[in-house]
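Thanks for asking me to look this over with you. Here are my notes, in the order I would read them.

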Amino acid sequence: MTAVSSSGLSPFTSALFAGALAGTTVDLSLYPIDTLKTRLQSSAGFYPSGGFRGVYAGVGSAIVGSAPGAALFFVTYEEVKSRLRLLRENDGGNRSSSERSTGKEWAEPVEHMIAASAGEVAACAVRVPTEVVKQRAQAAQHPSSMAALHFILAQRASIGALGVWREMYRGWAITITREVPFTAIQFPLWEGMKSWRRRTSGRSQSSAFESGVFGSIAGAVAAGLTTPLDVLKTRMMLAKERQAALSLFARIWRESGPKAFVAGLGPRVMWISGGGAIFLGTYQWAFNVMTGIT
């Protein structure tokens, strides 16, 4: 049986540090695959965007954004999930045991969807600017993350501070549109598989290995289903000028057809499947250690 030691950190602190560690670990270990995926989705084409050369281009922005972005996600996710569960349990006191059992089966996945969606919105405050800088370096528009950032900031004289802000957050809406469905698929699957394993094993918490395997499966499913949104997000961030999502979607469809929306499907599924294993496995390991679960 698992046990929580009195010296364990609080769930909030554990989620904060475990999320930061998980985000940094996964982004650095799988960065080359992410670069290849970005170049496959670029409107300039794979080889003009750099091909197989310089696959760590833009890694500086990833290092800066990984820890705070993932920490924000998991702190928000765990907090919202906990509060929703508490509300359900308090409300369940007025229901029969059969009603509580039926309600729990449906309520838990919905709680995980809501919590994960809230976490993604919070994380995107950090993730979107770092993605903009990172992807422009990955697509060989600039030699490094610093050069891409300097280019954006240098536009202040012509577009003003607000214009620079909007440029840094270009693709915010489409990123949210991509990430919310992704997490709404991935996290209920991940939590559901962990719950099933806890029931069958008799343990109160999943191991890091189990969490990693389930994270890989859930990530692969979610990645495949949301690839069209990822293509649209990448094209928006790499465009020379700001474009509305719907007009860009129509242009891609007209010029390249539906196959353009599955560009990078293989690398994306491979990257996120492997990333899900590392990200959620690392998170579970660190969370278990920090909360004193043995």
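This is a predicted model: local features need pLDDT of at least 70, side-chain atom pairs count only at pLDDT 80 or more; totals for chains, interfaces and linings use all residues.

1. A word on terms before we start: helices (H or I, at least four residues) and strands (E, at least two) are DSSP runs, numbered from the N terminus. Residues are numbered from 1 along each chain as its sequence is written, and side-chain values use heavy atoms, with hydrogens and water left out.

2. Ile185 has 24% relative accessibility, so it counts as partly exposed. Setting aside neighbours within four places in sequence, Ile185 is in contact (heavy atoms within 4.5 Å) with Val221, Ala222 and Leu225.

3. Next, have a look at the largest nonpolar core, which has 29 residues. A nonpolar core is a set of buried Ala, Val, Leu, Ile, Met, Phe, Trp, Tyr and Cys residues joined through side-chain atoms within 4.5 Å. Those touching the most other members are Phe73, Phe74, Tyr77, Phe187, Trp190, Phe279 and Tyr283. Two or more residues each come from helix 1 (11-29), helix 3 (59-92), helix 4 (97-138), helix 7 (172-201), helix 8 (208-225) and helix 11. Helix 11 gives the largest share, 7 residues.

4. Apart from neighbours within four places in sequence, Phe187 is in contact with Phe73, Phe74, Tyr77, Ala116 and Leu280. There is also a second, separate core of 11 residues, including Ile152, Met168, Tyr169 and Ile176.

5. How many of the 11 residues of helix 2 are buried? The count is 9 of the 11, so helix 2 is largely enclosed by the rest of the structure. Among the buried ones are Tyr31, Pro32, Asp34 and Arg39.

6. Finally, see which residues of helix 2 and helix 11 touch: Ile33, Asp34, Lys37 and Leu40 in helix 2 meet Pro267, Arg268, Met270 and Trp271 in helix 11. The residues of this contact divide into 5 nonpolar, no polar and 3 charged (Ala, Val, Leu, Ile, Met, Phe, Trp, Tyr, Cys and Pro count as nonpolar, Asp, Glu, Lys and Arg as charged, and the others, Gly among them, as polar).

Methods:
Buried means under 20% relative accessible area, exposed over 50%, partly exposed in between (1.4 Å probe, protein chains only).
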